[in-house]
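Q: Hi, I'm new to this one. Could you walk me through a few bits of it?
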Amino acid sequence: MSIYPNNMFSTKQTCWFIRKVICWRAVASIAWAVLLLPPITAVFVILSRFNLLHPIHTITECFSLLTSASAIFSFILLGGVILMVGFLNLEYYTVIPAIACSKIALLGQLLHPRQFVNSLVHCIMGLIVAWCCAVFIGGSYETLSYPCMQSDGSSQMCLNEYHLVLMLAGAFVGFSHSLLGVIHNMNYVSFHTVQQYKYLRFKGSLPLVVKCSATQALYSIRNFIALYFFLGYIPRAWICKTLNLHLNSSIHTLDSIAGLLDLSLLYQLWMSATFLLFTWYITLLLFRIFVTEVCSFPVQSSFNEDVHQCLPKVLTGKQPMILKFLALQDLALLSQRSPSRRCEVFSLSQPGGHPHNWNAISRECLSLLADLTQRLVAYHDTVATNGRAKSLSTGSERKTSSETSVISGTEDMMSPRPTMLMKTPASVFSRSIIGGAQSPLTVPFTPDLDSPFASPALRRLTAPAEQCSPWYGTVQSPHIMRRAPKLWSTSTDSQANSSLPPSPASVPSPKQEASKPSLLAQFLQNRKEQLPEASSQALFADSQAHIWALEGLSYLVQASFSEDQFGVVQTTLPSILSCMLVLQEAVDRHFKLPHASSKPVRSTSSMGDSTYKTLRFALRATLKTAIYRITTTFGDHLNAVQMSAEHRKRLQQFLEYKE
C-alpha cells in the first residue's frame, strides 16, 4: 500500500460525493467481503483438516467445529480484520500511482514513518488471522503451551513451538504484504476500458486472486522458514522466559533442519498464509470493483443547490482525483452513447444564450491536454540536451511555431479558474507559474553521471570546476569526455545549440583527474541511478484522464456535425485541433526514446495493477484515433478552419490517411 493517504475530502463542496458515493461503495465492498468470509473459512478448514482415509468423518467434524463457540469468536475477529483492511483500502487508495523513478526513491517509500505504522498494523492483523487459523486447524497448533513430563516424572508447562511458528508466520506474511503493496502499487485503482457488471468482473478476477494468494504465500513462507532457521531461537527464548515455559527436550526444535522438514507443518503454514492473503485480496478486489463503477453526473440542473453536482462544475472545480476521474469517464461515455445528454452539452443558457456547458467542458479538457504537452516538452528538452537543466523561461523562448500557436489559440480557454491540474505522482517535473524560471528536473530524476538523465547539480557536487574555467557555473560536467548525440532535435534546438562552444573536456586537467568522489558518494549515486522506464511511466501516470478527455472531445466534435444546432463547437474547433496536433507531436518525440518505445511485460503473479505501465501506448493510440475521428467526419470542411501552416500541413496527413 502507498504511504500517502487520500486526504483530499476536506472541502465542503465534495461532502456530497463522500457521503453519497465513495463511502457507500466502500461499505458495500466491505459488507460483501464479510459475507464471503464464512464460505472461504469453511473451505480453509476442510483443506487444513482433510483426511483421505475418513473423508465423511472429516467433513462432519469440520462443520461441527465451524458452529462451536471458539469458531464464532474467530469469525468475529476475522470480520474485524476485514473491516480494518477495508478501511486501509479506503484511506490509501489512489487513481494515480506513485512510481519511484530510482532505487533510492523506492527505499525512501519503504522506510517512511507512515509506512512503518502501516507495516505494524499489518503485522498485528497477521497475528490475529494466524491465531484464528490455529483455532480452526486444532490439534498441535491450537494452544501456545501444553503439559509435559520431566525426566523425574513431574509435570510442567512446555512451549508449543508449532503454535509459535504459526503465529510468527502470520505476522511475517502481513509485514511482507505491506512492503509488496508499496513495491507493486497495490493501492492503485484503475478503470477498465470494457464496462462489465460487478458480478462478472468479480467472477473473472477470482482465479487470479487464488493464484496470486497461493504464489505469494509460498514465497513468503519460504522466506520465513529461512529467517526462522537462523533467528528462531530469539523469539522462542523470549516467550519461554516471559511466560515461564520450558522446552520439551524429547522433540526437535523447529529452527533445525529436522524440525523444518516436517511436511505437515509446511503445509499448514502455506494454507494459513494463503487463507490470510486470499481474504485480504478479496476485500481489495471488491473495493476496486465498487469504487470504479460508472457514476452518472447530470449535465445541468434546474435547482441551484444541485449545481455543484453537475458535470461541468465537477470537471472544473477543485475536486478529489477519484471524482475528477469518474467525471471524465462519464464524459467519455455520454459523448459516445447518449444523444440526449449531448444535446444538453450543446445547449445555450437561458437567458443570455451562452454555451456555458460546452465552454466549461472543453476548457477543462484542453487544459488537461495542454498540461500534458508542457510536461512532455520539458521532458524532451531535458533528455535532448543530455540531462542539462534549463529554466522554463529559456525553453519558452525557443518554442516551435506550433507550440506558440496552440498556446495563443487556447489562452482564452485556459483562463484562471479554481481547478487543480492533475500532476504526475512524485512531481516528475516541478511546475509553478508558466514562464517562471525553474528546472524540469526534480527529485525523482537522480541519474548516473554518464546517463542522458544526469543531474547537473550532482555533476557540480562530484566534479567541481575551477573558477577561472570557462565552464565554471555552467551545467556541463568536466568529466564527460564528449557530448553524446541528441536523441532528437528540432530546428530551434539546433540553432540554440549551434552557439555553444565545443567542449574542452576532451583533455581533462590533472587537477580534475585527481578529484574523485568519495566511496559514500559513489554508493549513493549507484542507488540513485535513474530508471528510464520508470520515468516514462511516471510521466504518463495520470494519462487515463487525458485518454477520456480526448475521447470526450473527439466524440462531441464528431456529434456536433449533425447535432450542434447553434454552432457552439465550431467556435473552439481551431483550438481543439491545434491542441491535439501539438500533443501528438510531443508524444511522437517521446516515443523516439528507446525506453519509451519498449512495451513492458505485465506481471500476472501479483495483485498489483500494472495497467499504468502501458498508459502511454493507450494514449498514443487514442490521440491518433481522436484526430482521425474529427477529420473523417468533417473532411474538406476543415480547410476553412483557421490554423498555422505547420498545423495545416500535419492535418493534411490525417485527411489523406498518411499518419
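A: Happy to! Let's begin with Leu 227, which has its place in helix 8; helices here are DSSP runs of H or I, at least four residues, numbered from the N terminus. This is a predicted model, where local features need pLDDT of at least 70, side-chain atom pairs count only at pLDDT 80 or more, and totals for chains, interfaces and linings use all residues. Residues are numbered from 1 along each chain, and side-chain values use heavy atoms, without hydrogens and water.

Q: Why does Leu 227 count as partly exposed?
A: Because its relative accessibility is 40%; partly exposed lies between buried (under 20% relative accessible area) and exposed (over 50%), with a 1.4 Å probe and protein chains only.

Q: New topic: how many of the residues of helix 7 are buried?
A: 17 of the 23, so helix 7 is largely enclosed by the rest of the structure.

Q: Nice. And how far does helix 7 reach from its first C-alpha to its last?
A: Helix 7 covers residues 161–183 and reaches 32 Å, close to the expected 33 Å. That expected span is 1.5 Å times one less than the number of residues.

Q: What follows helix 7?
A: Asn 185, with a positive phi near 55 degrees.

Q: How about rings: how many aromatic pairs are in the whole structure?
A: A search finds 17; rings of Phe, Tyr and Trp (its six-membered ring) pair if their centres lie within 6.5 Å.

Q: Which residues do ring pairs link into a cluster?
A: Phe 172, Phe 224 and Tyr 228.

Note on methods
Helices (H or I, at least four residues) and strands (E, at least two) are DSSP runs, numbered from the N terminus. Rings of Phe, Tyr and Trp (its six-membered ring) pair if their centres lie within 6.5 Å; planes under 30 degrees apart count as stacked, over 60 as edge-to-face and the rest as tilted.
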